[in-house]
Amino acid sequence: MKRLALSLGVFSVGLGLAEVVAPRALGKFLGTKKRAMIRGFGVREIAAGMGIFARPSRPEPLWARVAGDVVDLAALTACSIESKKKRNVAVALGSVTAVTALDVVAARKAA
């Protein structure tokens with residue numbers, strides 16, 4: 001399970017960097033102009049990944065990812081209401097849901 005946790009940490013840092021560096025492109029894909037929010041989510045992702053790297057065998061940083069996933073799902077759901085790019089938002093919602101499942105599995109196994 002440590003391997004899964006570290007993989008989720010790498011994913012988290014990579015996604016976070018993309019959100020921090022290219023919030024405009026991600027916002028365009030999702031049909032939103034909320035770049036500051038996307039950038040903030042990126043900072044949170046990077047912090048979660050670093051937490052996992054610091055303590056890969058502990059459940060706390062993994063549960064922090066789950067909490068972040070819940071926020072992401074809520075934001076994407078709100079985005080789906082206002083966005084004209086509903087298919088893209090649906091893809092993002094599906095992806096976050098899948099990663100949330102992995103986060104929960106890893107957190108439960110680490111506990």
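Helices (H or I, at least four residues) and strands (E, at least two) are DSSP runs, numbered from the N terminus. The model is predicted: local features need pLDDT of at least 70, side-chain atom pairs count only at pLDDT 80 or more, and totals for chains, interfaces and linings use all residues. Residues are numbered from 1 along each chain as its sequence is written, and side-chain values use heavy atoms, with hydrogens and water left out.

The protein chain contains 5 helices and 0 strands, in the order α-α-α-α-α from the N terminus. Its radius of gyration is 14 Å, close to the 13 Å that the globule rule gives for 111 residues, so the chain is as compact as a globular protein of that length. This radius is taken over C-alpha atoms, and the rule is 2.2 Å times the number of residues to the power 0.38.

| Property of the protein chain | Value |
|---|---|
| Span of the C-alpha trace along its principal axes | about 40 × 25 × 15 Å |
| Share of the 111 residues that is buried | 35% |

Asp69 lies in helix α4, which covers residues 60-82. Is Asp69 buried or exposed? Its relative accessible area is 2%, so Asp69 is buried. Buried means under 20% relative accessible area, exposed over 50%, and partly exposed in between (1.4 Å probe, protein chains only). Leaving out residues up to four places away in sequence, Asp69 touches Val96, Val99, Thr100 and Asp103, where contact means heavy atoms within 4.5 Å.
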